[in-house]
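User: I want to learn how to read pockets and helix packing in a model. Can you take me through one?

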Amino acid sequence: MASSPPLPWLKPAFLVGGLSPLALMLLDFARGTLGANPIERVLNQTGMLALIVLVASLACTPLKLVTGWTWPMRVRKLLGLLGFGYALLHFLVYVGVDQGLRVGALLEDITKRPFITVGFLALVLLVPLAVTSTQRMVRRLGFPRWQRLHRLAYVAVSLGVVHFVWRVKQDVTEPLVYGGVLALLFAIRLAEAVRKRRARAALSAT
């Protein structure tokens, strides 16, 4: 009999935890308790959840580098897809409910309102990352090419932070916290890349 994989509860636990806020929003919708401006509340919550989960997905590799834990790598793809799902839901609510599927109004917002522009660009960058998240696509693209493509995640999430900053306009403390966390994660990845390059240079010199 094959042994059970370590931490078999890990992915289900993260999936349930990641979807719980959506379930609570749906429950509030069913009860009619989304507040005086339900569209704004859903937009704010889905956008915030997208940013939180995407930052968490980017934290998986730095967490492994710093702590040596391997379990974050097992949930990295799941978190990335959950974050994309919330970002897509955020956009669909904006297009379908807030804008009433008015294509002209949507295009005008994208071209004339900077925070909408960067948010839309962030979503566009996330699409190929979600599409190529399977092992089949990794094999098809080749790991080096796939890895280069998925570095766009940092660009997309950075645009998401800018979208958040420009959206709140006044008190930017919270979005700047996410920006600071993102900068720290990038610094850890950069330090590791420099370490590997030096190690290769030292090896080739021997």
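Analyst: Start with empty space. Rolling a probe the size of a water molecule over the atoms shows where such space is left. This model is predicted. Its largest pocket holds about 1,400 Å³ of space.

User: Which residues are the closest to the centre of the largest pocket?

Analyst: Thr-61, Arg-76, Gln-147, His-150 and Arg-189, out of 39 lining residues. Helix 9 (173-205) is among the elements that give two or more residues to this lining. Helix 9 gives the largest share, nine residues. By class, the lining has 21 nonpolar, seven polar and eleven charged residues.

User: What is the volume of the second largest pocket, and which elements give two or more residues to its lining?

Analyst: The volume is about 810 Å³. Of its 31 lining residues, Leu-43, Gly-47, His-90, Phe-115 and His-163 are the closest to the centre. The elements are helix 2, helix 3, helix 5 and helix 8. Helix 2 gives the largest share, nine residues. The lining counts 19 nonpolar, seven polar and five charged residues.

User: Now packing. At what angle do helix 3 and helix 5 pack?

Analyst: Two packed helices are described by the angle between their axes and the distance between the axes. For helix 3 (residues 71-98) and helix 5 (residues 114-131), the angle is about 135° and the axes are 10 Å apart. Helix 3 is therefore oblique to helix 5. Their crossing is left-handed.

User: Which residues make the contact?

Analyst: Helix 3 uses Leu-81, Phe-84, Ala-87, Leu-88, Phe-91 and Tyr-94. Helix 5 uses Ile-116, Phe-120, Leu-123, Leu-126, Val-127 and Ala-130. By class, that is twelve nonpolar, no polar and no charged.

Key. Residues numbered from 1 in each chain as written. Predicted model: local features only at pLDDT ≥ 70, side-chain atom pairs only at ≥ 80, totals over all residues. Heavy atoms only, no water. Axes fitted to C-alpha atoms, helices over the stretch in contact; angles between N-to-C directions. Helix = DSSP H or I, 4+ residues; strand = E, 2+ residues; numbered from the N terminus. Parallel < 35°, antiparallel > 145°, perpendicular 65-115°, else oblique. Left-handed = near helix turned anticlockwise from the far one by under 90°. Contact = heavy atoms within 4.5 Å. Nonpolar A, V, L, I, M, F, W, Y, C, P; charged D, E, K, R; others polar. 1 Å grid on protein atoms, 1.4 Å probe; cavity = no way out; pocket = protein on both sides within 12 Å on 5 of 7 lines; lining within 4 Å. Points joined across faces, edges and corners; volume = space filled by probe spheres on them.
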